[in-house]
Amino acid sequence: MRPFFFVFLIFGSQFLLAQDTSLVAQKKILQLMGSRFELTAVATTKQEAWDAINAGIKEIERIELLISSWDENSQTSEINRKAGISSVPVDKELYDLIYRTKKVSQLTEGAFDISFASMDRIWKFDGSMKQMPDGEIIKKAKAKINWQDIILDSEKQTVFLKNKGMRIGFGAIGKGYAANRAKELMRNRKGVKGGVVNASGDLITWGVSNKEEGWVVSITNPKDKEVALGWLQINGLSVVTSGDYERFVEFAGKRYAHIIDPRTGYPTTGIKSVTLICPDAELADALATAVFVLGKEKGLALVNQLKQTDCLIVTDEDEILPSNNLQLNYF
Ligand code: AMP
Ligand code: MG
């Protein structure tokens, strides 16, 4: 939930009368991967739209089983159990996902790191934590974070976490990956002309929309969510926001977000939210988290050097910082 944020799709399904009046749009809202998902398909017939939506839902459920680190039976849990002990053979899909996460770690100089998860049992953002964790404990757990200690063997298709106590988790990329995959499946179904997969505001669009202006999201002012700042054209793009206002802790008046800075082992401070816009939902998801960790200067510098990638950062002081090429349209 993002109570006072910020990005929402302007159109609801009730308005989804496709431009081409022979097209129909259908939408399903449901809980998947612990989040509220909305899957919308614009297709030639109602039946085709529903076939696509159902295929998308199955795909997201399948991915959840593969990447969940809470489900003991997932391959991800097996990798974590065997940390410091042995390598684990995994499906090509999981192998490739981990390979890509390491590429993002490299690109972001370790700001994005799925081995942050050794911190999962130390920092809790569900309100149960009453005092700051002990500095020594944080130091010990931090020593286990290092994406370069996630050892991949491409021939054997195995994953090995080098040190005991290391863990990986896909919290910062899983929804984006699932949205990408569901979109691909839906897009290739017969009769489907366009749609959106929206995971609690993290979304990807493709093809035709219902309106002349295409797929559009509204950006509201973080200081006053009743006030729209403007809108973004997002045809064929993904929009992902990091910064979850219900998941944080506060000690001595200081607010700590639920994203861990792998360099310190402490949660990040300074940024309220990062919205990342690029064609790929998985990358958007990973980069939004990375910019959070990097902070405003380094985060903007990174985004400004990437093609077809933009962002909007809101700091704790409510500064609103767009990347150089962000095409925000004003009402
Ligand atoms: P997001 O909302 O996409 O920014 O993801 C936040 C989630 O990513 C957290 O709840 C953690 O599960 C995970 N996470 C926290 N810190 C990091 C990090 N530095 N790199 C990768 N994943 C992280
Ligand atoms: Mg993310």
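Student: Where is Gln308 in the chain?

Tutor: Gln308 sits in the loop between α7 (296-305) and β15 (310-315). Keep in mind that this is a predicted model.

Student: Why is Gln308 called exposed?

Tutor: Its relative accessible area is 62%, and exposed means over 50%, so Gln308 counts as exposed.

Student: What makes the phi of Gln308 worth a look?

Tutor: Phi of Gln308 is near 55 degrees, a positive value in a residue other than glycine. Most residues other than glycine have a negative phi. Glu109 also has a positive phi, near 50 degrees, and is likewise not a glycine.

Student: Where is Glu109, then, and why is Glu109 called exposed?

Tutor: Look in the loop between α3 (92-107) and α4 (135-142) for Glu109. With 67% relative accessibility against a cut-off of over 50%, Glu109 counts as exposed.

Student: What about Asn324: buried or exposed, and how do you know?

Tutor: Asn324 is at 61% relative accessibility, so it passes the cut-off of over 50% and counts as exposed. You'll find Asn324 in the segment after β16 (320-322).

Student: And why is Ser74 called buried?

Tutor: Buried means under 20%, and Ser74 has 3% relative accessibility, so it counts as buried. Ser74 lies in the loop between α1 (46-67) and α2 (75-81).

Student: On to the metal. How do you know which atoms coordinate the magnesium ion (ligand 2)?

Tutor: The cut-off for a donor to this metal is 2.8 Å. Ala172 (O), Asp285 (O), Asp285 (OD) and Thr289 (OG1) are at 2.0 to 2.5 Å from the magnesium ion, so they count as donors. Along the chain, the donors follow the spacing A-x112-D-x3-T.

Student: What makes Ala172 and Thr289 a link between distant parts of the chain?

Tutor: They are 117 residues apart. Ala172 is in the loop between β6 (158-161) and α5 (174-187), while Thr289 belongs to helix α6 (residues 281-294). Both residues are buried.

Student: Which residues are closest to ligand 1?

Tutor: Asp113, Ser242, Ile260, Asp285 and Thr289 are the closest of the 15 residues that surround ligand 1. Helix α6 gives the most to that shell, with three residues. By type, the shell has eight nonpolar, four polar and three charged residues.

Student: What polar contacts does ligand 1 have?

Tutor: Among them, a polar side-chain atom of Ser242 is 2.5 Å from an oxygen atom of ligand 1. Asp285 has a polar side-chain atom 2.9 Å from an oxygen atom of ligand 1, and a polar backbone atom of Ala111 is 3.0 Å from a nitrogen atom of the ligand. Of the 500 Å² of accessible area that ligand 1 has on its own, the protein covers 91%.

Student: Last one: how do you know that the chain fits a compact globule?

Tutor: For 331 residues, a compact globule would have a radius of gyration near 20 Å, and the protein chain has 20 Å, so the two agree.

Terms used. Residues are numbered from 1 along each chain as its sequence is written. Chains are lettered from A and ligands numbered from 1 in the order in which they are written. This is a predicted model: local features need pLDDT of at least 70, side-chain atom pairs count only at pLDDT 80 or more; totals for chains, interfaces and linings use all residues. Side-chain values use heavy atoms; hydrogens and water are left out. Donors are N, O and S atoms within 2.8 Å of the metal (3.2 Å for Na, K and Ca); water is not among the atoms, so sites may look incomplete. Helices (H or I, at least four residues) and strands (E, at least two) are DSSP runs, numbered from the N terminus. Buried means under 20% relative accessible area, exposed over 50%, partly exposed in between (1.4 Å probe, protein chains only). A residue is near a molecule or strand if one of its heavy atoms lies within 4 Å of it. A polar contact is a pair of N or O atoms within 3.5 Å; within protein, one must be able to donate a hydrogen and the other to accept it, and residues adjacent in sequence count only if both atoms are side-chain atoms. Accessible areas come from the Shrake-Rupley method with a 1.4 Å probe; for residues, only the protein chains shown count as cover. Ala, Val, Leu, Ile, Met, Phe, Trp, Tyr, Cys and Pro count as nonpolar, Asp, Glu, Lys and Arg as charged, and the others, Gly among them, as polar. The radius of gyration is taken over C-alpha atoms; the globule rule is 2.2 Å times the number of residues to the power 0.38.
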